[in-house]
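This briefing is meant to be read beside the sequence and the structure.

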Amino acid sequence: MNAELLWGLPVIGYLFLAGVGAGALTVSASVLLRGGGGGFAGQHYSIARYGAFAAPLPLMIGCGLLIFELGSFEAGNWFKWINLYKTINLSPMSIGTWLLTGFIGISLLYAYTFLPKSPGLGGNKDSLRRGLAWVSVPLGIATAVYTGVLLGAMPARPFWNSPILAMLFLVSSLSTGVAIILLLKAVFPGKAKDEARTPMVAEYFKQRDNSAYILTASDLMLIGFELLVIFLFIMYAHLTVGAVKESVSVIQFGGSLSVLFWFGVVVVGLLIPAVIELYYVIPKLLNHQPFSVPLGVEIIVPIAILIGGFLLRYVIVVAGQITGPIGL
Amino acid sequence: MSDVEISTTVKRRDFLNGIATAAAVGAGAAIMPKPAQAAVTGLKPHYGMLIDLRRCIGCHACSVSCKAEFDVPLGATRSWVEYVEKGDYPDVSRSFLPRLCNQCSKPACVDVCPTGATWKRKADGVVVVDSDVCIGCKYCLLACPYDARFINPVTGSADKCDFCLHRVEKGLEPACVNACIGDARIFGDLNDPSSKISREIATNPVTVLRPEQGTEPNVYYIAADHSDEYTAAAQGRYVRIDTHRRQQERK
């Protein structure tokens, strides 16, 4: 099929970036809250900090990309998208607009509370940070789910019109959110001289390795869930009749997107990272050996997960548009 | 001129009343006859179209008149005619399927519009787009099961057939109905049981497109061939669908 793509790369990029940002915020706020309190703002402060900084920018870039896809922008009305803010209705896109706006505001404020490298430095923002974290968890999940609901709201697009699509986007979003945090940790480990500066900063580095283990183990679980959701998505679409069955055939063997889906999304984005993560997690999980990952692996695995996350959005957005209702 | 499905006597009376009123107040503005069926049934009009494919010869007069009426940009279509070729020689058929916005009673496009730029008019049931509000997000283009919408490159907003509201409001019939050389298109008020369209729908087997989408279309067909690639493949038949649009394939 050569149907024209109405939603092209800007929308695909947006769905991916919004997923990464929403996942990073949710994971950051969750680990912060899970890490307990006390004078050090919880044992996962350091890792939550990466997530807090990773959240706002992808969302802002993604929303910017969306504007390029608008017909009004292409016709020269560059600021007509302001009309989105003049109303609110039950369209998923309208709800999403307000949700994303709230997300960008909250996540920027949340990132601001993480400016000091250690929670004890730069004034006490602890209560503000915790308050925002409580808001951020539902907000991040809502944003990730919304990207799936946006596509799922149309009966005329049978590939997308599945209740589990939003779930798939949520799990993928959390997984890519963990990946961006691990990637940032590997790429910006902080300067070694900082360790000696204050005991608080030294604590920061010590806690971070433990947090990284928890995150990697969680990511493994998320990848497992994602595989399960993909399996359910395809299985139920395949077991039904009509347009849904026909549409899912584009990602099944022999379909036009099957190679990209099975090799790009499943093998590169899910199976390979899962096997590598398993290799490093198992020793600590079973034998309580120290968790240490070589820098190369620390960088490659998150990148593979992010590529998989992007290709998942790509395959789904394209597949939904090249398939449609059958019969007339 | 029984084309606009309005009972002519009432129409004439309303029109004369209008003239009388205009004369009485001395106003220059002509008062157009209100849709007369309101007087008959007490209901607001609910416009619909019936396309009798036994009378369609696939001449594209509807498409061309629509293009001319709205100056539709190159590559876009508000109204178009599909050809459906089916079967293997000598058992073959060729039929025509004029397409336009179905002005659904439950429009999928309206449900997804984030700015409220598209809505179904309560006064006559026509689904319209306000190009001053629409931002061109293409959500409605994807949600429409009939591929009836497009982005107008001039305005940058979604565009589609509106049953020629500017003509209908003046008592004229839509341009495609006016241009149809075979009288295959019947436009009128579905709420008025005495209108031609209501009577034709009541006395003929009619179908709508993709009823399973739950959109409750208001464009009806008599003797339409609903075949597409999937249904033809299931029957083991050759079929070729020519959309005569830039979008070569039906969506």
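**Salt bridges and the chain interface**

B:E69 and B:R167 form a salt bridge, with their closest N and O atoms 3.7 Å apart. B:E69 belongs to helix α3 (residues 61-70) of chain B and B:R167 to helix α6 (residues 165-168) of chain B, so the pair ties together parts that are 98 residues apart in sequence. The model is a predicted one, and the points below should be read with that in mind.

**Salt bridges**

- Over all chains, the structure holds 17 salt bridges.
- Within the pair described above, B:E69 counts as partly exposed because its relative accessibility is 30%, whereas B:R167 is buried, with a relative accessible area of 14%.
- Salt bridges that share partners join A:D126, A:R129 and A:R130 into one network.

**Chain B as a whole**

- Chain B contains nine helices and eleven strands, and 53% of its 251 residues count as buried.
- Among the contacts in chain B with a separation of 6 or more, 61% are accounted for by residues 24 or more positions apart.

**Where chain B touches chain A**

- In chain B, 42 residues are in contact with 37 residues of chain A, and the area buried between the two chains is about 3200 Å², of which carbon and sulfur atoms give 59%.
- B:I135, B:Y139 and B:L142 supply 24% of the area that chain B buries against chain A, which is more than any other three residues supply.
- The count of salt bridges between chain B and chain A is one: B:K138 pairs with A:E69, and their closest N and O atoms are 3.4 Å apart.
- Polar contact across the interface of chain B and chain A is found for 19 residue pairs, with both residues at pLDDT 80 or more.
- On the side of chain B that touches chain A, β3 (91-99), α4 (108-112), α5 (139-143) and α9 (229-234) of chain B each supply at least two residues, and the largest share, four residues, comes from α5(B).
- The residues on that side of chain B divide into 19 nonpolar, eleven polar and twelve charged.

**A buried position in chain A**

- A:V301 is placed in helix α12 (residues 295-322) of chain A, and A:V301 counts as buried because its relative accessibility is 7%.
- Leaving aside neighbours within four places in sequence, A:V301 is in contact with A:P273, A:I276 and A:E277.
- A:V301 and A:A179 are 122 residues apart in sequence, and their C-alpha atoms are 7.8 Å apart in space.

Notes:
Residues are numbered from 1 along each chain as its sequence is written. Chains are lettered from A and ligands numbered from 1 in the order in which they are written. This is a predicted model: local features need pLDDT of at least 70, side-chain atom pairs count only at pLDDT 80 or more; totals for chains, interfaces and linings use all residues. Side-chain values use heavy atoms; hydrogens and water are left out. Buried means under 20% relative accessible area, exposed over 50%, partly exposed in between (1.4 Å probe, protein chains only). Contact means heavy atoms within 4.5 Å. Buried area is the accessible area (1.4 Å probe) that two parts lose on being put together, summed over both. A salt bridge is a side-chain nitrogen of Lys or Arg within 4 Å of a carboxyl oxygen of Asp or Glu. A polar contact is a pair of N or O atoms within 3.5 Å; within protein, one must be able to donate a hydrogen and the other to accept it, and residues adjacent in sequence count only if both atoms are side-chain atoms. Ala, Val, Leu, Ile, Met, Phe, Trp, Tyr, Cys and Pro count as nonpolar, Asp, Glu, Lys and Arg as charged, and the others, Gly among them, as polar.
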